[in-house]
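Keep the viewer open as you read.

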Amino acid sequence: MMPKPEHGHRLDLTGKVVLITGGGTGVGLIIAKSFVEHGARVYITWRREEVLKKVMADVNGSKSSPDEGGEIVPLQMDVTSKESIRNAVQFVNKTDAYGKLNVLVNNAGIANGTTTSTFFPFISDKSDPEHTNLGNSLFERSTFESWEEVLRTNTVAPFFVTMGFLELLEKGAKSVGHPDQSGNGRETSSVINISSAGASFKLSMNSFAYPTSSKAGINHLSQSMAIEFAVNKIPVRVNCIEPEVFPSELMGTRDELEKITKETLPGGFRPAPAQRPGRDEELGMAAVFLASSAGGFTNGTVMRVDGGLALVNP
């Protein structure tokens, strides 16, 4: 565990209220732990209550004293349901003493639909009989429903979650002294959308829906929101992180990734130059920077934290 910055340090998140969607495992949990270490109160959302309770017990219980760092607060929410988002907004508004949110991390995402897959190894496997007539194979094996589910969760949901919490994010900015219209404000609130290095690929990597289409969409959405908030004087910065490859339910365990990262990914050209999975602090600190006052001059950016994978897989 990294030492917590002293109060007032540019990376210190003491007093900040954070919400991370899909914060129960993988990338979301890595970021949640980093925020807690830096003093934030972190709401993590997940559909499964048992996952949330376990994470809360593990993270909060690992502190040497109740006053050390921040804390995890579990919150059930379905990012694809407006009613669920409304309930989560009301919960944070009532639970937090100031009815505010300083940081929103849109992390929840899926790779495949629940009914049929959007991942097809035969796209790059020329020995597979289905590769022979690629167009017909993809047409018959793909479904509108699976595409819609991936796009709904990965690209559309961050829009609704951000807009649902925007009022609380504006309150968060005002709580740290941002002026309403003009002047030298100290800080804004921060939205961090979690994309994927695959968003920069032109290769399909055996799935046209994920990550290339759905994650490229969140990149563009992030920049569009950043621009609209800026021109409308809404004190909320929007940035995007493209992580790859970190342990998660989607990618696999660290031991599994140690082997995978030394090889070319299916459908790719070359393994990442780093030849290893990412370390927790490499992703966590990127998010802490964007969430903290140190990142206050950073807006509308897409930050790759991928060991160079996108550089060698155009």
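**Surface, spaces and backbone**

On the surface, V156, F159, F160 and M163 make up a nonpolar patch, and their accessible area together is about 310 Å². Patches take residues with over 30% relative accessible area and no salt bridge; like charges are joined within 9 Å, and nonpolar side chains (Val, Leu, Ile, Met, Phe, Trp, Tyr) within 5 Å. A salt bridge here is a side-chain nitrogen of Lys or Arg within 4 Å of a carboxyl oxygen of Asp or Glu. Areas come from the Shrake-Rupley method with a 1.4 Å probe, and for residues only the protein chains shown count as cover.

The model is predicted: local features need pLDDT of at least 70, side-chain atom pairs count only at pLDDT 80 or more, and totals for chains, interfaces and linings use all residues. Residues are numbered from 1 along each chain as its sequence is written, and side-chain values use heavy atoms, with hydrogens and water left out.

V156 sits in helix 6. Helices (H or I, at least four residues) and strands (E, at least two) are DSSP runs, numbered from the N terminus. V156 counts as partly exposed because its relative accessibility is 37%. The scale runs from buried (under 20% relative accessible area) through partly exposed to exposed (over 50%), with a 1.4 Å probe and protein chains only.

Now the open space. The largest pocket has a volume of about 1300 Å³. Its lining counts 45 residues, with G109, I110, A111, Y210 and L250 nearest the centre. Two or more lining residues come from each of helix 1 (26-37), strand 2 (41-46), helix 6 (144-175) and helix 7 (208-231). Helix 6 gives the most, with four residues. By class, the lining of this pocket has 20 nonpolar, 17 polar and eight charged residues. Ala, Val, Leu, Ile, Met, Phe, Trp, Tyr, Cys and Pro count as nonpolar, Asp, Glu, Lys and Arg as charged, and the others, Gly among them, as polar.

How are pockets and cavities told apart? On a 1 Å grid over the protein atoms alone, a cavity is a set of points where a 1.4 Å probe fits but cannot get out. A pocket is an open set with protein on both sides within 12 Å along at least five of seven lines, and lining residues have an atom within 4 Å of a point. Points are joined across faces, edges and corners; a volume is the space filled by probe spheres set on them.

The whole structure holds two cavities of 30 Å³ or more. Of its 13 lining residues, N106, N107, A108, T153 and P158 are closest to the centre. Helix 6 and helix 7 each give two or more residues to this lining. Helix 6 again gives the most, here five. The second largest cavity has about 30 Å³ of space. Among its lining residues are K16, N102, E187 and A291.

Finally, the backbone. Most residues other than glycine have a negative phi, and most peptide bonds are trans. A cis bond joins Y210 and P211, with omega about 5°. P211 belongs to helix 7. Another cis bond links E244 and V245, with omega about -5°. V245 lies in the loop between strand 6 (236-243) and helix 8 (254-260).

N206 has a positive phi near 70°. N206 is buried, at 1% relative accessible area.
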